[in-house]
Amino acid sequence: MVNLANPILLIVIPLLFVFLIAFSSAFSKSAAKYLPIIAFGINVVVAMLLVPEVLKNGLVLSTTAGFKPPIAIDMIVDKLALFLVIIASVLGFVVSIYNVAYIDEEPEEKFYALFTLLITGIIWMIITGDLFNLFVAFEVTSIAAFGLVGFHRDKGSVEAGFKYLVMGAIGGSLLLVGIIMLYAATGTLNIIDVAQKSAELTFQQKFLAYALIFVGLGIEGALFPLNAWLPDAHPAAPSSVSSILSGIMTTAAIYAIIRITNIIFDYNQIYLFLMFFALLTLIFGEIAAYYQKDIKRMLAYSTIGQTGLFFFAFTIHSTNGLQGAFLQIINHSVSKSMLFLVVGAMIVQVGSRNIEDFVGLGRKMKVSSFFLAIGMFSLMGMPPFFGFWSKLKIIFAALQHSNALMIGSVVIILLMSVVEGAYFFKLLQMMFFGKAEQDREIKEASFGMLVPVVILGFILLFISFYPTPVLDFAHQAASDLMNKNYINLALKLGGL
Amino acid sequence: MNMSLELLLATPFIGGLLTYIGGKVHRWVRNLIAVLFSLATVGEMAMYYNTTFKGVVWGSLFGSNLVLQTNPITWLFLFIVTAISLLVIVFSIDDMKKEEDEIVLDSYYMQLLFVEGAMVGIVLAGDLITFFMFWEIMSWTSYFLIVHGGKKSMAAGYKYIIMSVIGAYAMFIAIAMLYAKTHSLVYSDVALALSQASPSFIIWTVVLLSVGFFVKAAVMPLHTWLPDAHSEAPSPVSPLLSGVLIKMGAYGLFIVFYGLLSVNLAKNIMPSVFSTPILLYIIQWLAALSIVLATFLAIMQEDAKRLLAYSSVSQIGYVVLGLATGTSLGVAGGLFHALNHAIFKGLLFLAVGAVIYRTGTRNMSELGGLVKKMPFTFTALLLGIIALAGVPPLNGFVSKWMIYEALIQKKEVFLLIMAFVGSTGAFLYVYRLIHSLFLGQLPEKYENVKDVPILMQIPIWILALSTIVYGIFPGLAMDVIVKGMKLFGFTPIAYNLFGFPEGTAMGSLTVINIAAVLMTAFVAVFIIFILFPKTRQVSQYDNYASGQELTPDFKYNYSFGFYMSFGRVIKPILSMSIERVYNYWIDAFKIFGDYYMRRIYTGNLETYNSYIVIVVTIAAAAVLLGGKLW
Amino acid sequence: MSYYLGSFLLIAIGLYTVIIKKNLIKIVIGLNFIASGVNLLIVSIGYVKNGTAPIFSKIGINPSAMVDPIPQALTLTAIVIDASELALAVAFVVLLYRHYGTLDIKKIRSLKW
């Protein structure tokens, strides 16, 4: 009896499918379309099977190659990683369904292979317990993303892809240097082991290594001013890819920063420094989004803003703050992926990415527009949608520390929320109440593209109206991270 | 009891969803469901009317605990909310028929019921987070209602939602600060915590909360959304907005100042002026400024609905002025005026809506002489403007009288003068309204105008009768108000069904006597008028203009620039506009964002790469400087 | 020490190239410089003076006299990743040249703000 609740399966099965997809065109033309659905369907099942295990033990650890960590590479799924894995798998599954109807450009099997690889890399980044493995996962994700951004091979996407590649490659190198410096200082690559051994190091010894890792991951994680690739790359990619890039990839990089900061570099001073980055990210993202004419570019800038928001919540450095950050991550992942999917379907119908051309779409594409509105409301943090709870938790957590800095930050966050409301309402009102000058032949999105949107929409509605389990789970994950249960449990289970 | 409150809250929301589904079947199914559910809400409200539930009902909607409570004051506001919503929905059935797209109508009724539900939630809320949640729901659902009004309404709705969101976030900060202090947001806990908090903390939270309420209540410096939104919204929505929605701001102010913060506490932590805490005194002045300036602006309007919208700003000024006096008489007057304003402003907006329904324009200079064509609407509007002007025996009189009396007792002469000026100005603009719409010359194109259909008449009638009922029997409303204010620690004021008996802290007032006196005078004048005929009734066209005989196609009665000379007098006041200040800042912000902030993303790969290198260099420099970040 | 200096020099040259040079090919070469520098750094971290290969080929070899094997393994992986990244970069350069008809990065600025 194979134990299916094994984190390694989360990576191995999709990787296997990547190869299957790459060679599938030899057997069947259309097999490539459906294989990712199977791969991530299995992933969702495995992730669900992990849930009781994680809830029971607090953490699931699995090793490779029959060795014990720290020699062998290990995969660690704790509560925080688990819910990101669930998000990534579900998004992968849903977006794969979307792809079937959406992708019609050759070479399809290469697209599907890269797409599967992208999500595999993301999951890999989330669950790995080894620093070098983190780098490899990071590069796998990045390379898949570079290829997918340039997939259309037109003027804009090639340019965006190249810029993204250069920045991503620099980021990868910096990350590797940082990891190697940690290795030189501690003599190990296992995260838990590094955490233990680095406890003896001083702040200065770790600082440069940490800074390099932070910059490397920050490039992928869209932190200002390292995020300049993002507003180019997200619109240039096919919408389904943008949905993954925006929804979970930047989040995964931020997750890696959170994890590394938390277990290796948990100094109070650093959080102030990170908060500075977070607020700048938020401000620049939201303000730039306000001026966009291209709807996908607007959503991409909004992603930067949202990233700043949940990164800020992390830098509050309290259990409540982390809970807020995780809730915001869920909110952003589900809503923003859904928005990109809806917008992709609309772009197919309208034939343009210009916001002006979306006038009156609310009456033509009713279902799509409805879910677009829900996603936007959730991102703005309007009750009763889920974004309200996450924003509530973040603000409440921030004002627990009633110093001038926190109050100032909260004012900034809320001001930027107003800016966010300004551009989202501008779009919504144009779509629902504007009248197009000439009557256009616009139909509702095709069934295959609507199903994933509806699935994500219902997930969002479900967690909006019944958020208790999510709130509790996020709180547990947050308190685990704050108390560093992760390290203790991994030591107990992994026999380090 | 527990279930009933949740049911009362849920009814409009469920109704909204069912309405939308019903619209898919047939439009009459939809209309029926909308009416039935709003009727059911009124019914539930009436069933539990005036029962106090001081404790806390723990529901568990939306995962978080929903804290509900009731006291007589909530019933007063619930009465306003549910009753006006029902009338508005009934009125909408015919008025919104002109909208051809059925799906727009489906969502219209859904949003109407959602707004009602959100307002019920605000009033029933027993803690600040429930309050805030429904507050936000109310903001965005009502935004969708406003933008139903057509092309121009989009800009108005945009302004409305942005200002609402800013106001709501000001509240949000205050709520989060309170939560950090108390870890519970139930009103009683917050009140307890505030009584031990430091003065600066109290002032900050109260000011921030008030800013949120001021935006919604359209108190003067934050009122700029209202004239646009209320005039551009569809006619049935305007009464809901003007009559009910802005009252939520008044309700919020009441809760903050008398539920969370008591007057005694306020007096202890801040200096007093005219035996009023300074914060409340400032609010009194803001309210008084609203009264005067909005009245002046209303006088100068050419658009009937815009006139009424400015009049709303001015009348809500009375409500806030009353609430901010801090004496039982003033607060009772403010609360009563909230009810009265809901009734007569609802009536006026519906009556004007009826005129718009028949004529299709709200420009007053294009209308006139409709009194023969729409006599019923004319009568209703007449009652409405009498109530608004505060003439006994209709309902506006009593509440205004209470507010004046409260000001007199506090010897606040300037505020009293400003309140009187507002009241006098009200005569000017309501006269303008009724004259331009119903009197004067009938434009030829409106020869065939009829009175509105019965379904639109019913709500107007109900409201018109209410102005009389609440005018003659103020005791009906004072019942809940006094009972509720007792709970909030005010000394109860004596009242009976017909007014206020002699021997209390204030002068006595019995509306029916005053009405009798007035009626006698009126009858006397009328008899004199009849007995000594000095005038001869002539046709409108029995006249000359420039030596020519008048014909119906000749427009001799211009009502454009009606108060032009008065306008010249108050021109310096009118030329001040807070909106220009806001726009200046918004423009500055936009320019700053456009030219300095987003141009970070130059499109130049070298720039982007150098950002990375700069960050790395800063980090390396920090290491070289000894790992110190600052 | 000289290895560290050399590797950091390589990385610095690479960063310089990426920032200052306008030619796409040169930028790609700059990336390659950075990658080589990093690889050299990794290997030099595991370097032990006069050490042997980390294989117990003879009896009596002290493990502390061996070079660290892990960095070498890491380098191999890193080289593979770099190679694929550079291949992709060159492919992008080809496509960019087709679309824009130039290799000057200053002229490839259709996406901005």
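Axes here are lines fitted to C-alpha atoms, for helices over the stretch in contact, and the angles between them run from 0 to 180 degrees between N-to-C directions. Two packed helices are described by the angle between their axes and the distance between the axes. The model is a predicted one, in which local features need pLDDT of at least 70 and side-chain atom pairs count only at pLDDT 80 or more, while totals for chains, interfaces and linings use all residues. Residues are numbered from 1 along each chain as its sequence is written, and chains are lettered from A and ligands numbered from 1 in the order in which they are written.

Helices (H or I, at least four residues) and strands (E, at least two) are DSSP runs, numbered from the N terminus. The crossing of α8(A) with α10(A) is left-handed, a term used if the near helix is turned anticlockwise from the far one by less than a right angle, with right-handed used if clockwise. Among the residues that meet are A:Tyr210, A:Ile213 and A:Phe214 in α8(A), and A:Ala253, A:Ile257 and A:Ile260 in α10(A); two residues are in contact if their C-beta atoms, placed from the backbone, lie within 7 Å. By class, this contact of α8(A) with α10(A) has nine nonpolar, two polar and two charged residues, where Ala, Val, Leu, Ile, Met, Phe, Trp, Tyr, Cys and Pro count as nonpolar, Asp, Glu, Lys and Arg as charged, and the others, Gly among them, as polar.

The contact between chain A and chain B takes 51 residues from chain A and 43 residues from chain B. The helices of chain A that each supply at least two residues to the side touching chain B include α8 (203–220), α11 (268–290) and α17 (404–433). Of these, α17(A) gives the most, with ten residues, and the side of chain A that touches chain B divides into 39 nonpolar, eight polar and four charged residues.

Towards chain C, 26 residues of chain A are in contact with 24 residues of chain C. The elements that give two or more residues to this side of chain A are α5 (131–149) and α6, and the largest share, 17 residues, comes from α6(A).

Chain B can be read through its division into domain 1 (1–245) and domain 2 (271–507), with bounds that come from an automatic or database domain assignment. Taken over C-alpha atoms, 22 Å separate the centres of the two domains of chain B, and 32 residues of domain 1 are in contact with 39 residues of domain 2. On the side of domain 1 that touches domain 2, α3(B) gives the most, with twelve residues.

That helix, α3(B), has a further partner in α10(B), for their axes come within 10 Å and cross at roughly 165°. This makes α3(B) roughly antiparallel to α10(B), and α3(B) passes α10(B) in a left-handed crossing. The residues that meet include B:Phe77 and B:Ile84 in α3(B), with B:Leu240 and B:Tyr251 among those in α10(B).

Definitions and conventions: Angles under 35 degrees count as roughly parallel, over 145 as roughly antiparallel, 65 to 115 as roughly perpendicular and the rest as oblique.
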